[in-house]
Amino acid sequence: MSLADLSGEILTYIITYGSVALGVTVLLAALGVPFPSTLFVLASGAFVQQGVLDLPSTLAVALLFVVTGDSLSYGMG
């Protein structure tokens, strides 16, 4: 499985499972897993524009997960 296949699967998970899939992705990226999190955040913005995701819940969940990931990363250091 290549990184392009993994990115495609994660984008599918974001469409299927919503904001939580985005949150888990940015959490793992904040912990150091090499995911292209900027791509996923931009794609989620496009999904919000298309009406697939809800803006307030997507922002809240993504912010919560990225702050948690950064805090955990800081704690590990």
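Predicted model: local features only at pLDDT ≥ 70, side-chain atom pairs only at ≥ 80, totals over all residues.
Leu72 is placed in helix 4 (residues 55–76), where helices (H or I, at least four residues) are DSSP runs numbered from the N terminus. With a relative accessible area of 45%, Leu72 counts as partly exposed; on this scale, buried means under 20% relative accessible area, exposed means over 50%, and partly exposed lies in between (1.4 Å probe, protein chains only). Leu72 and Leu11 are 61 residues apart in sequence, and their C-alpha atoms are 24 Å apart in space.

Residues are numbered from 1 along each chain as its sequence is written, and side-chain values use heavy atoms, with hydrogens and water left out. The protein averages a pLDDT (the predictor's confidence in each residue, from 0 to 100) of 88, and 96% of the residues score at least 70. Confidence is highest in helix 4, at a mean of 93, and lowest in helix 1 (residues 3–17), at 79.

Helix 1 is also where Ile15 is found. Ile15 has a relative accessible area of 46% and is therefore partly exposed. Although Ile15 and Leu53 are 38 residues apart along the chain, 7.7 Å separates their C-alpha atoms.

The buried residues of helix 3 are Phe40, Ala43, Ser44 and Phe47. Seen down the helix axis, the buried residues of helix 3 fall within an arc of 105 degrees, so they line one face; the arc is that of the directions from the helix axis to the C-beta atoms. The face turned away from this buried side carries the exposed residues Thr38, Leu42 and Gln49. Just after helix 3, Gly51 takes a positive phi of about 90 degrees.

Finally, Leu28 lies in helix 2 (residues 19–30) and, at 31% relative accessibility, is partly exposed.

Methods:
Helix = DSSP H or I, 4+ residues; strand = E, 2+ residues; numbered from the N terminus.
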